Amino acid sequence: MVDDDNTRSLEQGVRRDFRQAMSYGDYLRLDLLLSAQQPISEPPRHDELLFIIQHQTSELWLKLMLHELLTVRDQLHRDALNPALKGLARVKHIQHTLIEQWGVLTTLTPSEYVEFRSFLQSSSGFQSWQYRAVEFILGNKNPDMLQVFDHQPEIHGLLMDLYDGRTIYDEFLGFLARRGHDVPRDILDRDVHEPWRLHEELVPVLSGIYQDPLHHWQEYEGCEALVDVEDNFQLWRFRHLKTVERIIGSKPGTGGSSGVPFLRRALDLTFFPELYAVRSALGD
């Protein structure tokens, strides 16, 4: 109920005293979270806080995405497809949030960014170990990336575990094989350290699923969920590229990359090429 003075009265049962009880801020550790934004520009630049929060919130969403993908991988290994699909649905919503987040950073103009860019020194989003972990578990493994984290043994170890482990796609193909689909044995037993390449012999297997979805509905739904994840990932990469291009143009990245050309080449990377190749094969 709104009072006559346009205020809302506090209900009698609402807790007010938190001297001996957990509060919202206690549970979320807001003391730590909100003290983690430490601009370093001198003199302080207004827009550096935007830049820090953009990247910190991205890292929080990447943490949740990796948490979900690790569980999805385990569920696929146990043939628990329905919970895995639920996890992938959450991942897709996280991806949508990350894609839309670029819109906030595009409000940073080139003249505003140049005021504090030099203070970043050699730091770069390229060095995000959580982003690299997500790429590894989805199948884009590049051992050269591990060198970036040699100075952080614990993080290097976490990435090595993912580098040595099976990917989401590996586990999904194992699930298909156990459901009776003729996934070639050399694919199931492949060296998981190798970057994924297109396996033409897998396309007919997937064609059988797509040509008769009613009889293979779970497998069909799983295929499309993976396509959604890759599609979202490419949209994220594209928005990243266009945001960087908008803010720094053709300048090299702070981490030593060529900048926009380096990001553009990432658009050619794919996690699940056969799930796209099957579309051309249908009806042939």
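How many salt bridges does the structure hold? I found 15 salt bridges, counting a side-chain nitrogen of Lys or Arg within 4 Å of a carboxyl oxygen of Asp or Glu.

**Ground rules.** I worked on a predicted model, where local features need pLDDT of at least 70, side-chain atom pairs count only at pLDDT 80 or more, and totals for chains, interfaces and linings use all residues. Residues are numbered from 1 along each chain as its sequence is written, and side-chain values use heavy atoms, with hydrogens and water left out.

**Overall layout.** I looked up the secondary structure and got 13 helices and 0 strands. I take these as DSSP runs numbered from the N terminus (helices: H or I, at least four residues; strands: E, at least two). Along the principal axes, the C-alpha atoms fill a box of roughly 70 × 55 × 40 Å. Of the 284 residues, 40% are buried. I use buried for under 20% relative accessible area, exposed for over 50% and partly exposed for in between (1.4 Å probe, protein chains only).

**Asp 228 and Lys 92.** I looked at this salt bridge, 2.9 Å from N to O. Asp 228 sits in helix α11 (residues 217-248) and Lys 92 in helix α4 (residues 81-105), so the pair ties together parts 136 residues apart in sequence. Asp 228 is partly exposed because its relative accessibility is 31%. Lys 92, at 18%, counts as buried.

**Arg 132 and Glu 135.** I found these two side chains in a salt bridge at 3.2 Å, N to O. Both belong to helix α6 (residues 129-138) and stand 3 residues apart, about one turn of the helix. Arg 132 and Glu 135 are both buried. I also noted that a network of salt bridges links Arg 132, Glu 135 and Arg 237.

**Asp 189 and Arg 185.** I checked this salt bridge too, and its closest N and O atoms are 3.2 Å apart. Arg 185 counts as exposed, with 54% relative accessibility.

Leu 28 lies in helix α1 (residues 24-28) and is partly exposed at 37% relative accessibility.
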